[in-house]
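Please walk through this structure with me, from the whole chain down to single residues. Keep the sequence and the 3D view at hand.

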Amino acid sequence: MSTAAPPEYPDKIDGAVLKVAGVVVLGAIMSILDITVVNVALPVFQTEFATDPAQPLAYSTVAWTVTAYTLALATVIPLTGWAADRFGTKRLYLLAVALFTAGSALCAAAGSIEMLIAFRVLQGLGGGMLMPLGMTIMTRAAGPDRMGRLMAILGVPMLLGPILGPILGGYLIENQSWHWIFLINVPIGIGALIYAFVVLPNDSVEPSETLDVKGLLLMSPGLALFLYGVSTIPEAGTIFDAEVLITMVLGAALIVAFVFHSFRPAHPLLDLRLFKNRNLTVATVTMFLFAAAFFGGLLLVPTYFQSVRGESTLDAGLLVAPQGIGAMLTMPIAGALADRLPVGRIVPVGLVLIVGGMFGMTQVGSETSYTYIIVVLFILGLGMGATMMPLMTSALKTLTHHEVARGSTLLNIVQQIASSVGVAIMSVILTNAIKDRALAGPAMATHKDPALVERMGGPQVVAEGLAQAGDAFSTTFWVAAILVALSLVPAAMLPRKREKSHLLDDEGEARPPVVVH
């Protein structure tokens with residue numbers, strides 16, 4: 001019986017591969033920029049969608065514009081592999097870009113915060129498929145021997161997103177309106193659709209695994225209900241409120257049912273059996289704590305600059321940029337070191353930097369020196385860049401050939417869930433901390449408007465309120481700092497000796513890496 005010969009790939013990166021890489025990079029830019037560009041808009045949403053300018057929406061409410069997007073990502077990522085086999089990568093990629101573009105246009109037209117949150121879900125359903133599909137397309141186009149060089153190309157938007165996103169968002173909001181942070185995706189998305197349709201090769205459809213429908217129906221609503229309950233605590237004032245308690249308990253019950261279910265089907269939505277691998281388990285626990293604290297805390301910084309310090313959205317974006325620059329410096333270095341050194345000697349260094357940075361942020365107030373804050377944010381970025389890639393490497397390195405795709409899916413989900421949980425926790429703590437300080441909320445809403453300042457009682461009263469608001473942010477950063485410090489416990493269990501990598505095929509050739517988004 002004859003088998004089809006594997007495709008032959010030239011050694012150099014040729015024009016055909018670069019065209020395909022261009023499609024993937026364009027999709028990655030849209031997806032990654034959109035995650036960071038919305039952060040600087042949260043204070044704007046608080047006032048734009050409020051019925052009374054002096055009573056802005058709760059921070060926990062507008063934070064759902066971020067949580068809904070990441071939850072949609074987490075929902076769709078495990079479906080991507082199955083759907084690519086079922087419908088073909090080109091058709092699915094075109095659908096993902098179309099969903100993201102349509103979601104962007106609808107977000108720009110949203111007339112209420114509830115509409116914006118719903119349309120962010122649609123955006124996330126498209127955005128969640130772009131990166132996993134892009135990696136599949138690039139692997140097929142380039143072959144494993146050239147993936148390392150193409151990864152450097154794909155790494156550009158991953159590194160620049162945290163830097164350019166807040167700056168671009170700030171510029172558009174300040175010079176146009178908040179609608180443009182979404183409208184800008186429309187022409188890019190249309191261009192990406194045409195580009196992908198022309199450049200991407202048609203692929204044959206070979207359905208393989210069946211879809212775990214029961215698992216999908218348990219996990220997705222379970223996560224959404226649980227996080228909704230957590231995010232409703234500030235408005236309710238207590239965890240024992242009926243709406244909070246019922247949704248949290250129901251969500252938790254669905255998640256527990258999913259855990260028990262996932263061990264039954266041959267191809268579960270999430271393969272929890274992989275946690276038998278010690279390195280994967282330790283790396284996943286470390287990543288969950290790190291991601292919840294880091295991404296939850298990251299969301300607070302632009303809001304602090306705008307609401308407490310009175311900065312414009314553009315200036316807030318520029319002030320956050322040192323964090324992205326720090327990550328850009330250490331991420332490629334840490335990625336290279338992870339191939340030569342045990343990951344247990346790299347990740348703790350990055351986490352210590354993040355712990356130091358987060359504890360530094362606990363000292364912020366209404367008059368903290370900007371030089372101090374910029375240095376602390378730069379240190380946070382250095383730590384993030386030194387932590388993320390080695391953790392991914394450690395988790396995937398010791399998995400066998402057939403486990404790698406399922407392992408990368410699991411890591412994607414854990415990262416997105418951690419981000420959603422972190423955002424929900426930090427927004428709840430910040431909202432409650434502001435509520436506990438009588439002047440903080442009104443001062444944040446009025447200090448940019450002289451007429452409202454006078455109505456509130458004058459500059460001295462507003463200054464006292466802003467000092468209270470600074471204390472509220474400081475309190476929230478303490479929670480983030482403690483969470484990151486806890487991640488040092490599982491990080492201490494990461495391998496400190498070099499282990500054999502299973503990321504090789506049967507002939508000993510390196511298999512293509514898997515990017516976690």
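Two residues are in contact when heavy atoms lie within 4.5 Å. This is a predicted model, in which local features need pLDDT of at least 70 and side-chain atom pairs count only at pLDDT 80 or more, while totals for chains, interfaces and linings use all residues. Residues are numbered from 1 along each chain as its sequence is written, and side-chain values use heavy atoms, leaving out hydrogens and water.

Start with the whole chain. It has 21 helices and zero strands. Both are DSSP runs numbered from the N terminus: helices are H or I with at least four residues, strands are E with at least two. The protein chain has 517 residues, and 54% of them count as buried. Buried means under 20% relative accessible area, exposed means over 50%, and partly exposed lies in between, with a 1.4 Å probe and protein chains only. The accessible surface comes to about 21,400 Å², and 67% of that belongs to carbon and sulfur atoms. Such areas come from the Shrake-Rupley method with a 1.4 Å probe; for residues, only the protein chains shown count as cover. Take the contacts between residues at least 6 apart in sequence: 82% of them join residues at least 24 apart.

Now go to helix H9, residues 185–199. Asn185 sits in this helix. Is Asn185 buried or exposed? Asn185 counts as buried because its relative accessibility is 6%. Leaving aside neighbours within four places in sequence, Asn185 is in contact with Met30, Asp34, Phe100, Thr101, Ser104 and Gln123.

Ile190 is also found in H9. Its relative accessibility is 44%, so Ile190 counts as partly exposed. Ile190, Ile194, Phe197 and Val198 make a nonpolar surface patch of about 430 Å². Patches are made of residues with over 30% relative accessible area and no salt bridge; like charges are joined within 9 Å, and nonpolar side chains (Val, Leu, Ile, Met, Phe, Trp, Tyr) within 5 Å. A salt bridge is a side-chain nitrogen of Lys or Arg within 4 Å of a carboxyl oxygen of Asp or Glu.

Ala98 has its place in H5. Ala98 is partly exposed, because its relative accessible area is 29%. Gly88 has a relative accessible area of 0%, so it is buried. Gly88 and Asn202 are 114 residues apart in sequence, yet 8.0 Å apart in space, C-alpha to C-alpha.

Next comes helix H14, residues 313–337. H14 has 25 residues and reaches 37 Å from first C-alpha to last, close to the 36 Å expected at 1.5 Å a residue. That expected span is 1.5 Å times one less than the number of residues. Where does H14 bend? The bend, about 30°, is at Val320, and the proline Pro322 follows within four residues. A bend is the angle between axes fitted to the seven residues ending at a residue and the seven starting there.

Gly381 lies in helix H16, residues 370–397. It counts as buried because its relative accessibility is 0%. Not counting residues up to four places away in sequence, Gly381 touches Gln323, Gly326, Ala327 and Thr330. Gly381 and Leu329 are 52 residues apart in sequence and 8.6 Å apart in space, C-alpha to C-alpha.
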